[in-house]
Amino acid sequence: MKGLLIKDLKLLKGQKNFFVVLIVIAIVLSVSMSSPSFVIGYMTFIGAVFTLSTISYDEFDNGNAFLFSLPVTRKDYVREKYVFGILVGGASCLLSIVISLVIGLINHSVFLPVIMMSAVMVFAVLFFIIAIMLPFQLKFGGEKGRVAIMIAFGVVILVGLLAAKIAGMFHIDLGGMLSHFPVTNLGVMVAVIYALALSVCFLSMQISVAIMEKKEF
C-alpha cells in the first residue's frame, strides 16, 4: 500500500497549481462569508473528489493492466484509495480550519467552537462521501461513474428533503431539538455518527473490493 500512496501523492504533487487556486478560492470565501461551515465543507469535498481523478489516471491507456502486473493486489489497491481519500480530505479539512481561524482573527470574528464543530461534522461526512463515490467510480469509471455519483447524491438529497418535509408535517423542529441538545448527549451523538460513518465506509470498501475482483483488464 505504501507504494500506491507514494504514486498517488506524486499525482497530487503534479496538481499543485490546482490546489493553489483552491486555496485562493477558500480564502476569498472565508473573507466574504460569515460562517466557516461552507468553506470547510467545500475544501474537504474537493480534496475527497481528487481521489476519483487518481482512479481515472490509473485507468488511462490501460494503466491498470500494468499496475496489477506488479506485486499489488486488488484489495490493496481499493484499501489505498479509501486511505488516500481520507488523508487528502482530512488534510484539506485541516487547511480550511487554519484559513478560517486566520481570517477570523484578522476580522476579529473568530469563534473557535463553531469552527471546530463544523470541522468535526464535515470530517464525518467525508467518510460517507468516499463510501458513496468510490464504488461507483470503480464500477463504471470515467464519465459514467461521475453520472452515477451525481444520481446517488441526488437521491440522498431527495431523501433528506423528504425527511425534513415529513418532520415539518408533524411540526417537529429538528433545528430546535439540536440547539437544545445537552453537551453530553451531543458528544454521544458525534460518537454515534462516526461509528456509523466508519461502518458505512467499511461496507463500501467490501463492495469496492468485490467490484475490483470481478473486473478484467
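Modeller: Glutamate 80 lies in helix 5, residues 74–107. This is a predicted model: local features need pLDDT of at least 70, side-chain atom pairs count only at pLDDT 80 or more, and totals for chains, interfaces and linings use all residues. Residues are numbered from 1 along each chain as its sequence is written, and side-chain values use heavy atoms, with hydrogens and water left out.

Colleague: What makes a stretch a helix here?

Modeller: A helix is a DSSP run of H or I, at least four residues; a strand is a run of E, at least two; both are numbered from the N terminus. The chain has nine helices and zero strands.

Colleague: Why is glutamate 80 called buried?

Modeller: Its relative accessibility is 0%. Buried means under 20% relative accessible area, exposed over 50%, partly exposed in between, with a 1.4 Å probe and protein chains only. So glutamate 80 counts as buried.

Colleague: Which residues is glutamate 80 in contact with, leaving aside neighbours within four places in sequence?

Modeller: Met1, Leu4, Leu5 and Asp8. Contact means heavy atoms within 4.5 Å.

Colleague: Why does cysteine 93 count as buried?

Modeller: Cysteine 93 has 5% relative accessibility, so it counts as buried. Cysteine 201 is buried too, with a relative accessible area of 4%.

Colleague: What share of the chain counts as buried?

Modeller: Of its 217 residues, 35%. Among contacts between residues at least 6 apart in sequence, 80% join residues at least 24 apart.
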